[in-house]
Amino acid sequence: KSQLKHPLDDYFFALVHEERKKLPKKRTAYKGDSRKIGWMPFLDDMQTPFYVSFSKNISTYYPPWDPQYQESAHRIQRAWRRKMAARYRLHRAAVTIQRVYRGHVVRDAVGAWRAECAALCI
C-alpha cells in the first residue's frame with residue numbers, strides 16, 4: 001500500500017478481494033512420499049524396471065526413494081569426497097614444493113647475476 005490514501009482504495013481492495021474468492025482453490029500438498037515425485041518407471045529390453053527423472057536428466061535401476069539405497073549412496077559419496085580432499089591436499093603440497101623450489105632457483109640466479117655485475121663494475 002502507498003502512504004497516501006485515495007478515496008477509491010477501499011472500493012478497489014474490496015473488488016480484488018471478491019475476485020480472489022472466485023479463483024479456484026490451490027492444490028493440496030502431495031500426500032505420498034515426496035522423493036517419488038518426478039521419477040517415472042520404465043522397463044528395459046530384459047523387462048528390468050528402471051526409473052527416469054526427466055527434470056534431472058538421470059536414469060537409474062534402483063528406486064531412488066528406497067532408504068537402503070539412500071544410505072549406500074551417502075557412504076559412496078562420503079568416501080569419494082574423502083578421496084578428493086586427500087588428492088587436493090597432495091596437490092597443494094606439490095604446488096607449495098614447486099613454488100619454494102622455483103623461488104630458490106630464481107634467488108640463486110639473481111644472486112649470481114648481482115655478483116657478476118659487481119665484478120664488472122669494479
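In the predicted model, a salt bridge links the side chains of E71 and R75, with an N to O distance of 3.2 Å. Both residues belong to helix α2 and are four residues apart, about one turn of the helix. E71 is partly exposed, at a relative accessible area of 37%, whereas R75 is exposed, at 54%. Side chains of opposite charge can pair when their charged atoms come close.

The count of salt bridges comes to three. Helix α1 holds the pair E18 and K21, which are three residues apart, about one turn of the helix. The side chains of E18 and K21 meet at 3.8 Å, N to O. With a relative accessible area of 41%, E18 is partly exposed; K21 has 53% and is therefore exposed, the limit for that class being over 50%. Helix α1 also contains K22 and E19, again three residues apart and about one turn of the helix from each other. The closest N and O atoms of the salt bridge between K22 and E19 are 3.3 Å apart. K22 is exposed, with a relative accessible area of 63%, while E19 counts as partly exposed at 41%.

The secondary structure of the protein chain consists of two helices and three strands. Along the sequence, these elements follow the pattern α-β-β-β-α. Helix α1 covers residues 9-22, and helix α2 covers residues 67-121. Strand β3 is made of residues 58-60. Among contacts between residues at least 6 apart in sequence, 12% join residues at least 24 apart.

The protein chain has 122 residues, of which 9% are buried. The chain exposes about 11,700 Å², and carbon and sulfur atoms supply 60% of this area. A nonpolar surface patch of about 400 Å² is formed by L8, Y11, F12 and L15. Of these residues, F12 has its place in helix α1. F12 is partly exposed, with a relative accessible area of 45%; this value lies between the limits of 20% and 50%, so F12 is classed as neither buried nor exposed.

Leaving aside neighbours within four places in sequence, T60 is in contact with W39, F50 and Y51. A polar atom of the T60 side chain also lies 3.4 Å from the backbone nitrogen of Y62.

Confidence was examined for the chain and for its elements. The average pLDDT of the protein chain is 83, and 87% of the residues score at least 70. Confidence is lowest in α1, with a mean of 81, and highest in helix α2, with a mean of 92. Where pLDDT is low, the predicted coordinates should not be read in detail. The salt bridge between E71 and R75 lies in helix α2, whereas E18 and K21, like K22 and E19, lie in helix α1.

Key
Residues numbered from 1 in each chain as written. Predicted model: local features only at pLDDT ≥ 70, side-chain atom pairs only at ≥ 80, totals over all residues. Heavy atoms only, no water. Polar contact = N/O pair within 3.5 Å; in protein donor to acceptor, adjacent residues only side chain to side chain. Contact = heavy atoms within 4.5 Å. Buried < 20%, exposed > 50% of the residue type's maximum accessible area, 1.4 Å probe, protein only. Areas by Shrake-Rupley, 256 points an atom, 1.4 Å probe, with all protein chains shown as cover. Patch = residues over 30% accessible without salt bridge, like charges linked within 9 Å, V, L, I, M, F, W, Y side chains within 5 Å. Salt bridge = Lys/Arg side-chain N within 4 Å of Asp/Glu carboxyl O. pLDDT = per-residue confidence, 0-100.
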